[in-house]
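Student: Hi! Could you walk me through this one, a bit at a time?
Tutor: Happy to, just ask away.

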Amino acid sequence: MTKPVQRFAAPALDALPDDIRTRLLAVQEKSGFVPNVFLTLAYRPDEFRAFFAYHDALMEKDGGLSKAEREMIVVATSAANQCQYCVIAHGAILRIRAKNPLIADQIATNYRKADITPRQKAMLDFAMKVSADAQRISEDDFTALAPHGFSDDDIWDIAAISAFFALSNRLANFTGMRPNDEFYLMGRLPKK
């Protein structure tokens, strides 16, 4: 079996614009490696900046969704979109943010049977519909979210994360982006 090839090579670190190089070095300092998504998207610097500005606006803000719930949306929709990179990378982040070594695998395989709350299941039901069947969104979908206390901003966040990662999934798949090996073990065992 042949290993998929990454089609678009990342530019050399010293060839990148200063702001992008600084961000990559900061990520490397924090995590011990540079996730391949940063390297791959650096191929197109203006798009890199736009992508990560929107990513950070959606994923790093405070609001009615926890950071772990935001990652649940990414993992569930990325699994449905068959994006190996995002399932593995964001599964690692989910395990860490949820402090639960089992949750990412459960959500990626079948979120309906995962150990999550009814609120989180409703959130993922809506996220999946936005990701795969958005043209069928109706008032019934908003009605189903109401008993779970989601605000309009929360609903926007669920939809925007789903839509943004549909873009990310497609970029990862067409570029042949592979998850860094480091992601596979992150958050699986307690820190000593």
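Student: Is Lys 99 buried or exposed?
Tutor: Lys 99 counts as exposed because its relative accessibility is 74%. For the cut-offs, buried means under 20% relative accessible area, exposed means over 50%, and partly exposed lies in between, with a 1.4 Å probe and protein chains only.

Student: And what should I know about where these values come from?
Tutor: This is a predicted model, in which local features need pLDDT of at least 70 and side-chain atom pairs count only at pLDDT 80 or more, while totals for chains, interfaces and linings use all residues. Residues are numbered from 1 along each chain as its sequence is written, and side-chain values use heavy atoms, with hydrogens and water left out.

Student: Good. Where is Lys 99 found?
Tutor: Lys 99 is in the loop between α5 and α6. Helices here are DSSP runs (H or I, at least four residues), as strands are (E, at least two), numbered from the N terminus. Lys 99 also has a positive phi of about 55°, although it is not a glycine.

Student: What is phi of Gln 82 near?
Tutor: Near 55°, again a positive value in a residue other than glycine. Gln 82 is placed in the loop between α4 and α5, and it counts as exposed because its relative accessibility is 68%.

Student: Let's go inside. Which residues touch the most other members of the largest nonpolar core?
Tutor: Tyr 85, Ile 107 and Leu 124 do, in a core of 52 residues. Such a core is a set of buried Ala, Val, Leu, Ile, Met, Phe, Trp, Tyr and Cys residues joined through side-chain atoms within 4.5 Å. In soluble globular proteins, nonpolar side chains tend to be buried together.

Student: Which elements give two or more residues to the core?
Tutor: They are α1 (18–31), α2 (36–41), α3 (45–59), α4 (67–80), α5 (84–98), α6 (103–110), α7 (118–133) and α9 (152–175).

Student: What is Tyr 85 in contact with?
Tutor: Skipping neighbours within four places in sequence, the partners of Tyr 85 include Pro 35, Asn 36, Val 37, His 90 and Ala 172. Met 177, Arg 178, Pro 179, Asn 180 and Phe 183 are also among them. Contact means heavy atoms within 4.5 Å.

Student: Switching to helix packing: at what angle do α3 and α9 pack?
Tutor: About 145°, with their axes 10 Å apart. The axes are lines fitted to C-alpha atoms, for helices over the stretch in contact, and angles run from 0 to 180 degrees between N-to-C directions.

Student: Which residues meet there?
Tutor: From α3, Phe 51, Tyr 54, His 55, Leu 58 and Met 59 meet Ala 160, Ile 161, Phe 164, Phe 165, Leu 167, Ser 168 and Leu 171 of α9. By type, the residues of this contact divide into 10 nonpolar, 2 polar and no charged. In that scheme Ala, Val, Leu, Ile, Met, Phe, Trp, Tyr, Cys and Pro count as nonpolar, Asp, Glu, Lys and Arg as charged, and the others, Gly among them, as polar.

Student: How about Glu 69, buried or exposed?
Tutor: Glu 69 is buried, because its relative accessible area is 7%. It is found in helix α4 and, leaving aside neighbours within four places in sequence, is in contact with Gly 64, Arg 119, Gln 120 and Met 123.

Student: What does Ser 131 touch?
Tutor: Not counting residues up to four places away in sequence, Ser 131 touches Thr 77, Asn 81 and Ser 162. Ser 131 sits in helix α7 and counts as buried because its relative accessibility is 13%.

Student: Last one, where is Tyr 43 found?
Tutor: Tyr 43 is in the loop between α2 and α3, and it is partly exposed, with a relative accessible area of 42%. Setting aside residues up to four places away in sequence, Tyr 43 touches Phe 8, Ala 9 and Pro 11. Tyr 43 and Phe 8 are 35 residues apart in sequence and 7.2 Å apart in space, C-alpha to C-alpha.
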